[in-house]
Amino acid sequence: MAHLLTVRANSYKDSIRLLEATRAVLGAPGVQWGWALMATPANLATLAQEGFSEGLGKAGANDLVVAVRAEDEARASAALETAMELLFGATAADGGEQQKAVPDLRAALAENADTNVAIVSVPGPFAALEAHKALSAGLHVLLFSDNVPLEDEIALKQRARALGLLVMGPGAGTAMLGGTGLAFANRVAAGPVGVVAAAGTGAQEVMSLLDRWGVGVSQVIGLGGRDLSPEVGGMMAEQAIRALDADPETQAILLVSKPPSPQVAARLLNLPRKPMVASLIGLRQPLPAPENVSVCNTLEQGAALTLQRLGHEQPDVVGDLPQQLERALSALAPTRTRLVGLYSGGTLCYEAMTIATEHVGPIHSNTPLDKRWTIEAATPASHVCLDLGEEEYTKGRPHPMIDTEARMGWLRKQASDPSVAAVLLDVVIGDGAHDDPAGVLAPAAAEVVRSGAAVVAYVLGTGRDPQGFAAQQRALREVGCIVTNSAARAALAACALVLREPRLVNLSLQRKFTAPQTHEIAGASAA
């Protein structure tokens, strides 16, 4: 086994570039572990835990490190070379012309005077300064950085509003502007629906559902998870809704968020003149809305109601799912009663929990709906949903949308647990995601199926995505997974297995909201 690393002093790269380099290293032949990182104290501690304690010298937070563990030195060296070329070599611009990275915003604008959007992806404490520089240059901002202080977010958005610009974020992982996807995005047809989203994988889910159901998307404007909070007040949501309401290419607006504060909701729902659907995930009580606005509480229903507003036929979201469940139930032992969700998309995890708690009761999680339902409070009989993209699970490795193998151990663990009835699994494809996530996950999913449990999988993506939507679904079906047509339907399918009620998946999600629940809802942000 070979351990190699290289240090490039005073060579800052943002998190998006580091994620790209890490993905390239992990995909190199013979590599078992790899990471491109800035040498912060926390990252250096993780490197030491992985066996990289030598060769770092006095590396600090401004120094870049690439570390690789591979089968032999030749393969480790080749992986390092690939990563360094990706980080520091020339990149291909439109038309195939090679471009060198520029050192700062001023230089970038000098070379590309028509630029109107800046992506900021630096550590949270420094992100506001870079975002303010972009606003000063007259640019909209996609603020990919997280851990940005709330007061900085408020100040940025107040300034952007005064300038007539957008600050999308912080923690905005998905956007599509003028047909160009930014960060994690899916490839969709142009069309009449403008999406405004305070949830990254929530935006990906609705844009993909709309595309697969035959309706394209005009724009996807990310907001960051706190925008609709009482503190931020929906400043960018308002900017985005007004912009789409005035956009001649947009005929309907789809707003995606966790339930906002009542005051923010009252203002936003009364803004547009065009039809709008507000998909407020997990909403438990009705909100007053004008006739041109529909309110629902799942992503699937948000997309379906948008189709209805545009006069399109409603999609078949059930298909042969009851028959698939009947077959799975015939092989499910009576002792198997637990639901386990292993999610890469935080919004999909959150939606699954809001649906499942209505049918099977409390779901314990690292991002619980109720502060009493933590992982620490779970018993061997508890239902569990994990958001494996949260920081406690990504320390020392990339997000599971990029590093699919991060979920392999969790999947295999379920194969040895005789209490598990159903494992819920999301597979997110598109730009920025792993090249073949289903291919990596399928062997471990097969082990779970052979153990006697069911695996309910959902592929979030479109036929235009480079991984191939149909191929990803096929890889999962071939190993015995139950594959659904939406993330919400997957959650219902898992509940149906736990309850031995296959017809539950026929449930319409277009229904009256239940009465408000009395437990305290935790304020974890959706990814």
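## Terms and model

A residue is called buried when its relative accessible area is under 20%, exposed when that area is over 50%, and partly exposed in between. The structure is a predicted model.

## Two residues with positive phi

Asparagine 10 has a positive phi of about 50°, although it is not a glycine. This residue is found in the loop between strand 1 and helix 1 (15-26). With a relative accessible area of 65%, asparagine 10 lies over the 50% limit and therefore counts as exposed.

Arginine 500 is a residue other than glycine whose phi is also positive, near 60°. Its place is in the segment after helix 17 (487-499). The relative accessibility of arginine 500 is 30%, so this residue counts as partly exposed.

## The antiparallel sheet

Strands of a sheet pair through backbone hydrogen bonds, either parallel or antiparallel. Three strands form an open sheet in the order 1-3-2, with antiparallel pairing. Strand 1 (2-8) and strand 2 (31-38) stand at the edges; each has a single partner strand, so one side of each is left without a neighbour in the sheet. From one strand to the next, the twist averages 10°.

Seven bridges pair strand 1 with strand 3 (residues 64-70) in the antiparallel sense. Within this sheet, arginine 8 stands opposite leucine 64 of strand 3. Two helices lie across these strands. Helix 2 (residues 41-49) lies across strand 2 and strand 3 and runs at about 160° to strand 2. Helix 3 (residues 73-88) lies across strand 1, strand 2 and strand 3, and its direction is at about 150° to strand 3.

Six strands form an open sheet in the order 17-18-16-19-20-21, and their pairing is parallel. The edge strands are strand 17 (363-365) and strand 21, each of which pairs on one side only.

Strand 20 and strand 21 run parallel and are joined by two bridges. Alanine 457 has valine 483, in strand 21, as its bridge partner. Helix 7 lies across strand 19 and strand 20, running at about 80° to strand 20.

## The buried face of helix 16

Which residues of helix 16 (residues 469-477) are buried? They are Phe469, Gln472, Gln473 and Leu476. Seen down the axis of helix 16, these buried residues fall within an arc of 95°, so they line one face of the helix. An α-helix has 3.6 residues a turn, so residues three or four places apart point the same way.

The cover over the buried residues of helix 16 includes helix 7 (200-212) and helix 15 (437-451). Strand 19 (420-428), strand 20 (454-460) and strand 21 (482-483) are also among the elements that cover them.

## A pair of helices

The axes of helix 6 (residues 150-163) and helix 8 (residues 235-245) come within 9 Å and cross at roughly 30°. Angles under 35 degrees count as roughly parallel, and helix 6 and helix 8 are therefore roughly parallel to each other. Helix 6 passes helix 8 in a left-handed crossing.

On helix 6, the contact is made by Ile154, Lys157, Gln158, Ala160 and Arg161. On helix 8, Met235, Met236 and Gln239 take part.

## A cis peptide bond

Glycine 169 and proline 170 are joined by a cis peptide bond, with omega about 5°. Proline 170 is found in the loop between strand 8 (167-168) and strand 9 (174-177).

Note on methods
Residues numbered from 1 in each chain as written. Predicted model: local features only at pLDDT ≥ 70, side-chain atom pairs only at ≥ 80, totals over all residues. Heavy atoms only, no water. Pairing = 2+ DSSP bridges. Helix = DSSP H or I, 4+ residues; strand = E, 2+ residues; numbered from the N terminus. Axes fitted to C-alpha atoms, helices over the stretch in contact; angles between N-to-C directions. Contact = heavy atoms within 4.5 Å. Buried < 20%, exposed > 50% of the residue type's maximum accessible area, 1.4 Å probe, protein only. Arc of directions from axis to C-beta. Parallel < 35°, antiparallel > 145°, perpendicular 65-115°, else oblique. Left-handed = near helix turned anticlockwise from the far one by under 90°.
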